[in-house]
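Here are my notes for a colleague who is opening this entry for the first time. Please read them with the sequence and the model side by side.

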Amino acid sequence: MKYAGKEGLKARGLCRSFGLCISALLIMSGCNDSESPLSEPADVQVPGDTETQTGSAPVTQAVALNFQAMVGDEEARCGQTYSNVGTPSANWTPQDFRFFVHDLRLIDEAGNEVSVVLDEVPGWQYRGAALLDFENAEGACADGTPETRGVVSGSVPQGNYRGVVFRIGVPVALNHLDAATLPAPLGPDNPMWWGWLNGYMFTKIEGLVGSAPFFIHLGSTGCVDAQGMVPSDEGICARPNRPEVRFPTFDLQTNRVAFDVKAIVGGMNTSQNLGGPPGCMSNPLDPECAVVLPKLGVELDGSYAGTQPAFRSL
């Protein structure tokens, strides 16, 4: 797939509901004075430029990866209740649907993976971590925030790309820092904060099965405080839980990544809690996690499954 710099980038826009509509985003060269959250930061190559200020760096192009929260074939929206979730079928009412993405790469025509340099977007993207948020504080999502976001934006060397790869979660280098020193989306008031030892929730999917809560919280577990120091690398967490999602064929201009809660709980009796908190909070000893974690691409021993049924291309 080819993305021409001067023609800009069309991305589906944000909307104030789970059913994100990504509005057209036109990034034009020379617009470095814009304060829009989606504008190019000053140190990012503007698509369509033939050279940088030094005249030596390669030409880059803007890219955007769009996501959509789903419940089966329906877009997930606050204020709605969805039937036929789990086995036996139950009704599910969303209360929250947020997750982090990092390590975004595109696959070029030769099969090489090319890293995407993520934009710095205040409140949403910071130092390679991107937050996706599909709740809008309406209906049963009243404890959330009205702002939503369903796109990850960045830049890559100009070229043709045919696929995409990314990881769920917060980068290791950011996951165990003092949240009080970080801006959003990693600040201390972030509802994804799980505590300094385990870091952040990588996914926060919450809802009601009937009137009972059901949680899907993915994050690093089995983390050890080594000699009083905050964990700083994968080796300190027995189960890092950062699954990789791969689409060898994916058109950024027409496709979206679906994150499907119905696929996560397929085959599970969501009305019955067999132990621990309701749902799965990444504890491998929790019976519900035996179903949930592999659907997210994580095995109970912390290794990574080869597939992630919770994700698909739309």
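1. Are Cys223 and Cys237 buried or exposed? Cys223 is buried, and Cys237 is buried as well, where buried stands for under 20% relative accessible area, exposed for over 50%, and partly exposed for what lies in between, with a 1.4 Å probe and protein chains only. Please keep in mind that this is a predicted model, in which local features need pLDDT of at least 70 and side-chain atom pairs count only at pLDDT 80 or more, while totals for chains, interfaces and linings use all residues. Residues are numbered from 1 along each chain as its sequence is written, and side-chain values use heavy atoms, with hydrogens and water left out.

2. These two cysteines form a disulfide with their sulfur atoms 2.1 Å apart, a disulfide being a pair of cysteine sulfur atoms within 2.5 Å. The torsion about the S-S bond of Cys223 and Cys237 is about 105°, so this disulfide is right-handed. Because Cys223 lies in strand S13 (residues 221-223) and Cys237 in strand S14 (residues 237-239), the pair ties together parts that are 14 residues apart in sequence; strands (E, at least two residues) and helices (H or I, at least four) are DSSP runs, numbered from the N terminus.

3. The structure holds three disulfides, and another of them joins Cys78 to Cys141, with an S to S distance of 2.2 Å. The link of Cys78 and Cys141 is left-handed, with -100° about the S-S bond. This pair connects distant parts of the chain, 63 residues apart, with Cys78 in the loop between strand S2 (74-75) and S3 and Cys141 in the loop between S8 and strand S9 (151-157). Both Cys78 and Cys141 are buried.

4. A disulfide also joins Cys280 to Cys289, at 2.0 Å from S to S, and its torsion of about 105° about the S-S bond makes it right-handed. Cys280 is buried at a relative accessible area of 1%, and Cys289 is buried at 0%. When the bonded cysteines of the chain are numbered in sequence order, the pairing reads 1-2, 3-4, 5-6.

5. Turning to charged side chains, the structure holds 14 salt bridges, each a side-chain nitrogen of Lys or Arg within 4 Å of a carboxyl oxygen of Asp or Glu. One of them pairs Arg98 with Asp96, the closest N and O atoms being 2.8 Å apart, and both Arg98 and Asp96 are buried.

6. Glu113 forms a salt bridge with Arg246, where the closest N and O atoms are 2.7 Å apart. This pair links distant parts of the chain, Glu113 in strand S5 (residues 113-115) and Arg246 in strand S15 (residues 244-247), 133 residues apart. Glu113 is partly exposed at 35% relative accessibility, as is Arg246 at 37%. A network of salt bridges links Asp103, Arg105, Glu113, Arg167, Glu244 and Arg246.

7. The backbone has some points to check as well. Asp103, found in strand S4, has a phi near 55°, a positive value in a residue other than glycine. The peptide bond from Thr87 to Pro88 is cis, with omega near 0°, and Pro88 sits in the loop between strand S3 (82-85) and strand S4 (90-108). The bond from Ala184 to Pro185 is cis too, with omega near 15°.
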